[in-house]
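Hi everyone, thanks for coming. Let me put the structure up, and then I'll walk you through a pocket and an interface.

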Protein chains: 2
Amino acid sequence: MGAGKPIEIHPSRADEREAIGAAARSTGVFTPEELDTVFELFDAYRDDPDSGYRFLTAAVDGTVAGFACYGPTSLTEGAFDFYWLTTDASIQKHGVGRALDLAVEREVRREGGRLIVIWTSGTDAYIPAVRFYERMGYIHEGCIHGFYRPGDDLLIFVKYLLPE
Amino acid sequence: MGAGKPIEIHPSRADEREAIGAAARSTGVFTPEELDTVFELFDAYRDDPDSGYRFLTAAVDGTVAGFACYGPTSLTEGAFDFYWLTTDASIQKHGVGRALDLAVEREVRREGGRLIVIWTSGTDAYIPAVRFYERMGYIHEGCIHGFYRPGDDLLIFVKYLLPE
């Protein structure tokens, strides 16, 4: 898939389930358990409008190029969890991640959200993701050492949405 | 209930459901939605051994004096969430909280846990709780401003369990 082509964002469709799983798998950073969770949340989103999970698909030339999964954080008024922002490995660095992040920000604002929280791993595999979050305006607000497993920290990034 | 009496800790029993709810309510810091969540998690614990929620009761003179709710954090190997540590308002400052925290630490170690994470509010009502966590060895590892609602921050405290 080429650079410069328009990126189209839409609420994920049921028939995009496998392409979304493939995009996640292509990155090489999802564990099998995390991949299962992607499908589990997608099915919840597809089958139950009140699931609390939203999926957005980024398409280039009609093909799934990435996806975002987010939703309101329970027991909060206006916080949203950003579960995954994933670009297919075949189309990295062409603006898909940026387009998805801005779409999520727009949708969260539309729902009255005030902040978006990303909980992510601090291992080397996630360094490019972390740099990306910083470029997109997320602030590093916390770290839990060895959270996922020994040597694998949890990093917390927050984008505070100021009124426009 | 008096000072100096022995505090007995045991896995919560089904017939303690209402006393646990009353203890939570007595503190005055649970919102109605949070109280519902206490019952929801208690019912999951009572009805499903694989729910991932554990409850411990602290009893003094055979009466429920407080409770702890914790459980393994999904997608981690060895992290545990400490959901609530609650002492009935009628018996504050008699060591119930300390006994519950140490019991949770012991149980988490027994299950192979490496760290215990507390996610709590930063409002004034929680200042005594925060001081308590610090005394019990929890480290302040993060803050998300206005997480719960405007002006109500999320504070993250972690107790790292070193090998004994």
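**A pocket and an interface**

H3(A) gives the most to the lining of the second largest pocket, with 4 residues. Before I go on: this is a predicted model, where local features need pLDDT of at least 70, side-chain atom pairs count only at pLDDT 80 or more, and totals for chains, interfaces and linings use all residues. Residues are numbered from 1 along each chain as its sequence is written, chains are lettered from A and ligands numbered from 1 in the order in which they are written, and side-chain values use heavy atoms, with hydrogens and water left out.

Back to the pocket. Strand S1 (8–11), strand S2 (54–60) and helix H3 (96–110) of chain A each supply at least two lining residues. Helices (H or I, at least four residues) and strands (E, at least two) are DSSP runs, numbered from the N terminus.

Now the interface. How many residues of chain A are in contact with chain B? There are 26, meeting 26 of chain B, with contact being heavy atoms within 4.5 Å.

Between the two chains we count 2 salt bridges, each a side-chain nitrogen of Lys or Arg within 4 Å of a carboxyl oxygen of Asp or Glu. Glu77(B) and Arg149(A) form a salt bridge through their side chains, at 3.4 Å, N to O. On the side of chain A that touches chain B, S6(A) gives the most, with 9 residues.
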